[in-house]
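User: I have a model open and would like to learn how to read it. Could you take me through a few features, one by one?

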Amino acid sequence: MAVRKNNNQKSGQGSKKDKKPIGVIFWLAFFILITGLFLYNRDRIRQTLEDTQLLTRLSLPISGSGKSKKPELPAAFPAEGENSPAKDAPKPPPRITETPKPAAPAPEAPAQTPVKPVDKPSTAPAAAPADKPAVSTPAAPAATPAPAKPAAGQPASQSGPTQPSVPGNNYPAAVDRERALYFSQLDSAGTVLRTKVTRKIPASDSPMVDSLQALLRGPNAEEQSRGMVSLIPRGVRILNATVRGSTAYISFSEEFQFNTKGVDGYAAQLRQIVWTATEFPNVKDVQILIEGNRVDYLGEGIWIGSPISRESL
């Protein structure tokens, strides 16, 4: 029994001896690890201690009296009850920095394909050989272009210079049209007769007005030599003239209603107007207007309140 106890004691002592090196190695390794982590994070730990001012708070300086004083708080931590300027002051807004956007690249101009110049054929005559003299030939006369043939179904145009047309009508500028005018003529007995003459008047888009204007100007020298006169009062003007249906509405100035020749003069001036206007096939009668208004009578009882035709005169 004694021998077993000795053996057990020896085995227990041996196990204790085995545990001691393992514990030492463990704590040594733990210390090395902690030291390495501290050295590796030394800068961070120091920066954290400075930011939190932990060392300043933990340090308690003792004065000569042996009594401890309360640690003086830095300005960042004011005493209770005091207004903290840092607390009351408004916080500055966060600064936002914008990254400038890169400018859009300018569109590239389309590449222009270089145009290859075309070599023009040389028109200069080849130099004559040195042993033969150059013979100059006279230039051939320029060929006269043949006149263009008219298309099928179209009449051949007449040769000669063409006349320019007048804007607003279909007649050439130099074309005159023969128009019939009616003047008055006295016979040997003193009777007023109606006389027709033919005038060449430039064509326009208002041929009736052109004929009446020529009538108001009176007979020319050749017509006067034949005894023709106009009994339309002097100074009469045409204010307006339109054709509605088969009736011509002609407005005269107020001088038209004053004739010094009496009844025969009024009747003669109406015949000159009506017969000259009805020479046109689309006019059958004439409505006389004075200053744009319809008047019943002209002079001494001559009715003009309705359209007047050739048969009514």
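User: Are Glu223 and Arg199 buried or exposed?

Analyst: Start with the scale. Buried means under 20% relative accessible area, exposed over 50%, and partly exposed in between (1.4 Å probe, protein chains only). Here, Glu223 is buried, and Arg199 is buried too. One caution: this is a predicted model, where local features need pLDDT of at least 70 and side-chain atom pairs count only at pLDDT 80 or more, while totals for chains, interfaces and linings use all residues. Residues are numbered from 1 along each chain as its sequence is written, and side-chain values use heavy atoms, with hydrogens and water left out.

User: What do Glu223 and Arg199 form with each other?

Analyst: They form a salt bridge, with the closest N and O atoms 2.9 Å apart. The term needs a side-chain nitrogen of Lys or Arg within 4 Å of a carboxyl oxygen of Asp or Glu. The pair links distant parts of the chain: Glu223 sits in helix α6 (residues 221-225) and Arg199 in strand β2, 24 residues apart. Helices (H or I, at least four residues) and strands (E, at least two) are DSSP runs, numbered from the N terminus.

User: How many salt bridges does a search of the whole structure find?

Analyst: It finds five. One of them joins the side chains of Lys196 and Glu279, at 4.0 Å from N to O. Lys196 lies in strand β2 (residues 192-202) and Glu279 in the loop between α7 and β6 (285-290), so this pair ties together parts that are 83 residues apart in sequence.

User: Which other residue forms a salt bridge with Glu279?

Analyst: Arg310 does, with the closest N and O atoms 3.2 Å apart. This pair also links distant parts of the chain: Glu279 is in the loop between α7 and β6, while Arg310 is in the segment after β9 (302-303), 31 residues apart. Put together, Lys196, Glu279 and Arg310 are linked in a network of salt bridges.

User: Where does Lys196 fall on the accessibility scale?

Analyst: Lys196 has 47% relative accessibility, so it counts as partly exposed. Glu279 has 30% and also counts as partly exposed. Arg310, at 24%, counts as partly exposed.

User: Now the helices. At roughly what angle do the axes of α5 and α7 cross?

Analyst: Axes are lines fitted to C-alpha atoms, for helices over the stretch in contact, and angles run from 0 to 180 degrees between N-to-C directions. Helix α5 (residues 207-216) and helix α7 (residues 262-277) have axes that come within 10 Å and cross at roughly 150°. Angles under 35 degrees count as roughly parallel, over 145 as roughly antiparallel, 65 to 115 as roughly perpendicular and the rest as oblique. The two helices are therefore roughly antiparallel to each other.

User: Which residues of α5 and α7 meet?

Analyst: Contact means heavy atoms within 4.5 Å. From α5 come Met208, Ser211, Leu212 and Leu215; from α7 come Gln272, Ile273, Thr276 and Ala277. By class, this contact has five nonpolar, three polar and no charged residues. Ala, Val, Leu, Ile, Met, Phe, Trp, Tyr, Cys and Pro count as nonpolar, Asp, Glu, Lys and Arg as charged, and the others, Gly among them, as polar.

User: What does Ser251 touch?

Analyst: Ser251 is found in strand β5 (residues 247-252). Its relative accessible area is 6%, so Ser251 is buried. Not counting residues up to four places away in sequence, Ser251 touches Arg237, Ile238, Leu239, Asn240, Leu289, Glu291 and Gly292.

User: What is the phi of Glu291 near?

Analyst: Most residues other than glycine have a negative phi. Glu291 has a positive one, near 55°. It lies in the loop between β6 and β7 (293-294). At 40% relative accessibility, Glu291 counts as partly exposed.

User: Where does Pro233 lie?

Analyst: Pro233 is in the loop between β3 (228-229) and β4 (238-244). Its relative accessibility is 14%, so Pro233 counts as buried. Not counting residues up to four places away in sequence, Pro233 touches Glu255, Phe256, Phe258, Asn259 and Gln269. Leu216 is 17 residues away along the chain, and the C-alpha atoms of Pro233 and Leu216 are separated by 8.7 Å.

User: How many helices and strands are there in the protein?

Analyst: There are seven helices and nine strands. Of the 313 residues, 20% count as buried.
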